[in-house]
Amino acid sequence: MRGPEPDPAETLRRVFGHEGFRGRQEEIIRHVIAGGSGLVLMPTGGGKSLCYQVPALCRPGLAVVVSPLIALMEDQVAALRQQGVEAGALHSDLPPQEAAGLRRSLREGRLKLLYVSPERLTLPQTLEALEQRQLALFAVDEAHCVSQWGHHFRPEYRDLAVLAGRFPSVPRLALTATADPRTVEDIRLQLALTDAPVFRGGFDRPNIRLEAAPRGEERAQLRAFLAEAWAGEGAGIVYCGSRRRAEETAEWLRADGHDALAFHAGMDADAKRRAHRRFARGDRVVMAATIAFGMGIDRPDVRWVAHTSLPASPECWYQEIGRAGRDGLPARALLLYGAGDIALARHRIEQSPAADEQKRIERARLEAMVAIVEAATCRRRLLLRCFGEEDGPDCGNCDICLSPPRLFDATVAAQKLLSAVVRTGRRFGIGHIVDVLRGRLTDRVAQFGHDRLPTFGIGSDLPDRAWRGVARQLVARGALDVAVENRGALLPTEAARPILKGEEPLLLREESLPARPAPRASPPTPPPADADPALFDALRAWRKEQAQAQGVPAYVIFHDRTLAEIAARRPASLDALAAVPGVGQSKLDRYGAAVLAVVAGQARR
Ligand code: ADP
Ligand code: ZN
C-alpha cells in the first residue's frame, strides 16, 4: 500500500512549501527518521513543530504528539489539515461526531498525526489501543511541563515516563524552549532520555527588537510604544504583574479604541478558551494577560510583546517575547520595570519555603534578569549568554545598540542619596527621600523635621527623575534594599559601604536628560517594498473570507509573508505560484486557482 519512504527535504517542500531546513532541523529530522530519540531545545518560533511533523510523514505509522493545551492542538491540527495532512486531536472537549470520525480514521490507519493531552494518552485504554498500532514516533511538546523547576509544571507530564517502557522501539522526541540546565536534566531524567542526544538550536531571534526602560507613566509609555511598534496588522500582548492589572490594562486599551482582551488564571476554562480563540483569529487584537497566557499562542504575526513588570528570569522573558515575530518579520519587545519589582522579586525568593539549592538558582536567574534591564551594553548579548550561546558581536537591534546610554560618575550623587536614607532613619521610601534631597518642604518633611538635616536640599542640582534613576540602579546593584513589608522603605546594605566611603567610583546610566530620541521606527509590517500594496490587500481580503468560511485562523490559510511574496511576484500560472515559499501541494490544489484569479483581477486595473 505504501511506497518507499518519502525524503524529508521533498516532504518539506511539497507539504509545507518551505525551501529548506532551518538551523538544526534537518539533523534532528534525520535522526528521528532513523529511529532515534532526543531532546530539542529551541527558542519559541525557532521551528520545533517541523522536527516531528516531517518525521511523522516520512516514517510509517501514526505519530502521537503530546500537547498540554486544547487550543494549541486545534490550531496545529487546522494548519496540518490545510496542508493536506490527516491529523486529529483527541481531547475531552471533542464533539461526539468528531470523536467518532477520529476513531474511524485511526482504525483505518489513515491518520498520520494524533495530538493528545498527557492525561488522555496515559489512560490504560489509550495505551492499549496504541499498542495495536504501528507508531512512527512520540513527540512531547512543551516538555518543560514535566519539570517542577520549570514554570509550567504539569504533574500529568510525569506519567509520560511509561512511554519508554511500553514502547521501547518507538522514537521519543521531547521539545521545549526552556534551556535552563536544571530543567533540561529533569526532562531527560523524567522522559528516560538520558542516553539520547540534546539538540540545542540557535537561540537568537534577531528580528525581535529588544528594549527595556524604567517604568514611569506606564500608560503613556505603552501608548508611545504602540504608536511606534504597531503600524500594520497582527496582534500584540501586554504581560501584566497581576490579574487585576491585566483586567485594568485591557479596559484602558479598549477605551483607547483597541480590540483588547484580558487573560489570566482566575478566568474559567470556557472564558479562557474564548479569549484564546479571539486572539488567534482577530485582526489587530491585543491580549492583556498574566503569564498564564503562554502556551498555545501559535499565530505567527504577533508584532509586539510588552511587559509592565520585571519577569522572573531571562528564560521567562525570552519565552514570552519569543511569541512575537514568528513569521520572521520585524517585531518588538518592550520591558518596563521599577526598583520595587526588583526588590519584591528578591524578597519573594528569600521568603519562599523552597530548599536552599532552589533559592540559589532562582536568585541567580533573577540577578541575570536585573543585569539585562540595567545593562549599558548590548542586551541581546547578555541574554544569549544566559542560554549558553557563544558571545557574538553587538546586535544592532536593541535599544542600547541603537542609542547607547550615557554614563556619568554618580559617586557623589549616590553618597548624597545614601546619606539622606541613613539620616532620615532608614524608614522612608524613594518619594520622601527625593523631597529631602531636592529641598522640598512638604508636610511630611516638616512633620519629621527633615528640613533641619544637613542633607536637606543638597540634591537640588538633579531632577527627580535622575534621583529615582540613581536609587533604582543602587537597588539593582544590591547597594540598597527595599523593605517590601515596610511600604518600600530604602535600606542601605553592606554593598553601600564602599560607595559611601568613596572607595570605588560608581558609573551609572544618565537618566536626567529628557527622554532619549526614540530609535527610528521599525520598518512597517508587510507588504515589503516590492509587493503591490493593492494586490496584497486584495489577497488579505480573500484570505479573510476563506478563514471565516472555514472557521480557522487566517494564517493557517497563508502567512502574511506568503501573501506579500505573491503580491511581489504576481504569479500568472500554477507553476509560478508553486514556487512561492509557503505554497505547498495541498494549498496549491485548494487555493491555486482562486489566488491566481485575485492576482489576475488586480492586474487588470
Ligand atoms: P516553535 O514551535 O519552535 O515555536 P514553529 O514550529 O511554530 O516554532 O515555527 C515558527 C514559524 O517558523 C512557523 O511559522 C513556521 O512555519 C516557520 N518555519 C519553521 N521552519 C521553517 C523552515 N524550515 N522554513 C520556513 N519557515 C519555517
Ligand atoms: Zn544590541
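Student: In this predicted model, which residue of S6 is the bridge partner of phenylalanine 138?

Tutor: Arginine 172 is the S6 partner of phenylalanine 138.

Student: What makes S5 and strand S6 (residues 172–176) a pair?

Tutor: Pairing requires at least two bridges between the strands. S5 and S6 have three bridges, in the parallel sense, so they count as paired.

Student: Why is strand S5 (residues 135–140) called largely enclosed?

Tutor: Buried means under 20% relative accessible area. Six of the six residues of S5 are buried, so the rest of the structure largely encloses this strand.

Student: Which residues coordinate the zinc ion (ligand 2)?

Tutor: Cys378, Cys395, Cys398 and Cys401 do, each through SG, at 2.3 to 2.4 Å. Their spacing in sequence is C-x16-C-x2-C-x2-C.

Student: What makes the arrangement around the zinc ion (ligand 2) tetrahedral?

Tutor: For four donors, all angles must lie between 85 and 135 degrees. Here the four donor atoms subtend 102 to 120°, so the arrangement is tetrahedral.

Student: Why does cysteine 395 count as partly exposed?

Tutor: Partly exposed lies between the buried limit, under 20%, and the exposed limit, over 50%. Cysteine 395 has 26% relative accessibility, so it counts as partly exposed. Cysteine 401, with a relative accessible area of 24%, is also partly exposed.

Notes
Residues numbered from 1 in each chain as written. Chains lettered and ligands numbered in written order. Predicted model: local features only at pLDDT ≥ 70, side-chain atom pairs only at ≥ 80, totals over all residues. Heavy atoms only, no water. Buried < 20%, exposed > 50% of the residue type's maximum accessible area, 1.4 Å probe, protein only. Helix = DSSP H or I, 4+ residues; strand = E, 2+ residues; numbered from the N terminus. Donors = N, O, S within 2.8 Å, 3.2 Å for Na, K, Ca; no water. Tetrahedral: all angles 85-135°; square planar, octahedral: opposite > 155°, others 65-115°.
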